[in-house]
There are 2 protein chains.
Amino acid sequence: MNDDSQQIPVKLPEPTLRRLPWYLAYLKLQKDQGVEFVSSTQISKEINVDASQIAKDLSFINISGKTRVGYEVNSLVDVLEDFLGFTKTHKAFIFGAGSLGAALLHDNGLEQFGLQIVAAFDVNPKKINTVINNIPVYDLKEFERYRKELGVNIGVLTVPVDKAQQVADQMIEGGLRAIWNFTPFRIRVPHDIVVQNTSIYAHLAVMFNRLNCIQD
Amino acid sequence: MNDDSQQIPVKLPEPTLRRLPWYLAYLKLQKDQGVEFVSSTQISKEINVDASQIAKDLSFINISGKTRVGYEVNSLVDVLEDFLGFTKTHKAFIFGAGSLGAALLHDNGLEQFGLQIVAAFDVNPKKINTVINNIPVYDLKEFERYRKELGVNIGVLTVPVDKAQQVADQMIEGGLRAIWNFTPFRIRVPHDIVVQNTSIYAHLAVMFNRLNCIQD
């Protein structure tokens with residue numbers, strides 16, 4: 001066992017990891033309202049997930065409610081934030097300071113959830129050496145040097161689709177360990193590289209389809 | 001049958017709808033390179049989805065490949081873009097011109113995928129009547145009037161978590177039919193309202209967890 005922390009990294013199922021932030025958001029609201037205890041049944045009613053599923057999800061992180069009173073709100077908020085990695089600062093680079101890249105550079109909310117964008121990289125001379133929302137944009141060629149200097153492990157991929165694989169290869173070659181891929185392109189990476197796909201335009205397609213079906 | 005269009009809205013499974021944009025992104029690259037035909041096996045190799053799954057997904061939109069030659073790239077791109085709703089313009093409002101809302105206002109890429117943000121609404125006097133990336137920010141109180149005037153059906157929810165449900169209720173009462181929810185709060189809505197949850201911070205949690213597990 002490690003002296004600094006009792007927490008051993010556990011690889012949770014992705015659906016659980018995606019639900020935990022929902023519980024956290026709800027619990028923080030309860031905390032702000034001074035609520036001390038909540039049961040999984042109460043959480044369930046509010047966020048539309050089965051109470052048994054909630055109890056199961058929370059058991060993954062070694063949290064169990066007390067009979068009759070339920071979960072202690074304050075400590076559950078702390079444990080969840082900590083477990084989800086939102087209390088640590090993870091430095092990251094953005095690759096591609098185009099439309100979506102620039103948009104993410106404007107989202108200060110990322111930092112509240114543990115992601116600190118420290119620089120962006122681009123190949124466009126008009127963008128290189130500019131500053132967006134106080135974050136510098138550098139020449140892509142200089143990425144490796146800055147990575148070593150700043151100790152960054154995470155890259156956010158927001159380049160055009162036709163450059164996605166090439167820039168992803170460059171990111172990995174330069175030493176990044178995780179890629180948050182916002183492009184709709186399915187990049188291929190070695191097995192020890194983490195890829196998180198967040199294709200917001202694919203969600204748009206789901207929404208348009210559902211809207212069409214309802215209106216007709 | 002409708003004279004204007006032979007396409008009858010079909011409610012596709014969400015996983016299929018999320019994969020179709022991946023195929024589209026890949027096919028557009030092939031089109032740009034002058035490729036005329038691709039097989040599901042080729043698509044499969046490139047984007048890491050089973051060839052049989054790809055064929056099944058594409059059969060939902062009445063597309064089938066020809067023996068030996070496969071799918072015709074140009075027409076498949078057209079049909080997919082059209083089917084996914086990316087070729088139509090869907091007007092939308094943003095609710096909450098804070099950090100994430102402002103970020104989305106900067107993303108001109110949304111328009112390429114069929115979503116045109118025509119205005120944002122906020123309650124902060126400092127934001128009301130400003131302009132972000134050429135898009136006006138109005139007082140939330142004026143939303144209903146603008147909705148009727150501009151014929152908008154879609155709202156993007158980017159308010160703080162503790163206002164999510166209240167503003168969602170207001171959006172529905174004001175006549176919106178679909179809510180693209182970027183907050184981690186699980187809003188409750190009547191059954192005839194479309195909700196698409198895109199919690200980018202939840203994806204961050206998945207990435208942090210995977211990164212921890214790999215590094216240890």
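1. A residue is called exposed when its relative accessible area is over 50%, buried when under 20%, and partly exposed in between. The model discussed here is predicted. By that cut-off A:Glu149, with a relative accessible area of 53%, is exposed.

2. A:Glu149 pairs with A:Arg145 in a salt bridge, at an N to O distance of 3.5 Å. Both residues belong to helix α7 (residues 143-150) of chain A; because they are 4 residues apart, about one helical turn separates them. A:Arg145 has 43% relative accessibility and so counts as partly exposed. The pair is part of a salt-bridge network that links A:Glu142, A:Arg145 and A:Glu149.

3. Between the chains, A:Glu46 makes a salt bridge to B:Arg188, with 3.3 Å between the closest N and O atoms. The pair joins two chains because A:Glu46 sits in helix α2 (residues 40-47) of chain A, while B:Arg188 is in the loop between β8 (178-181) and β9 (194-197) of chain B. A:Glu46 is partly exposed at 25% relative accessibility, and B:Arg188 is partly exposed at 37%.

4. A salt bridge also connects B:Glu46 and A:Arg188, where the closest N and O atoms are 3.3 Å apart. This pair runs from helix α2 (residues 40-47) of chain B to the loop between β8 (178-181) and β9 (194-197) of chain A. Relative accessibility is 25% for B:Glu46, which counts as partly exposed, and 37% for A:Arg188, also partly exposed.

5. Over all chains, the search of the whole structure finds 14 salt bridges.

6. On the domain level, chain A is split into domain 1 (14-83) and domain 2 (90-202). The C-alpha centres of these two domains of chain A are 32 Å apart.

Key: Residues are numbered from 1 along each chain as its sequence is written. Chains are lettered from A and ligands numbered from 1 in the order in which they are written. This is a predicted model: local features need pLDDT of at least 70, side-chain atom pairs count only at pLDDT 80 or more; totals for chains, interfaces and linings use all residues. Side-chain values use heavy atoms; hydrogens and water are left out. Domain bounds come from an automatic or database domain assignment. A salt bridge is a side-chain nitrogen of Lys or Arg within 4 Å of a carboxyl oxygen of Asp or Glu. Buried means under 20% relative accessible area, exposed over 50%, partly exposed in between (1.4 Å probe, protein chains only).
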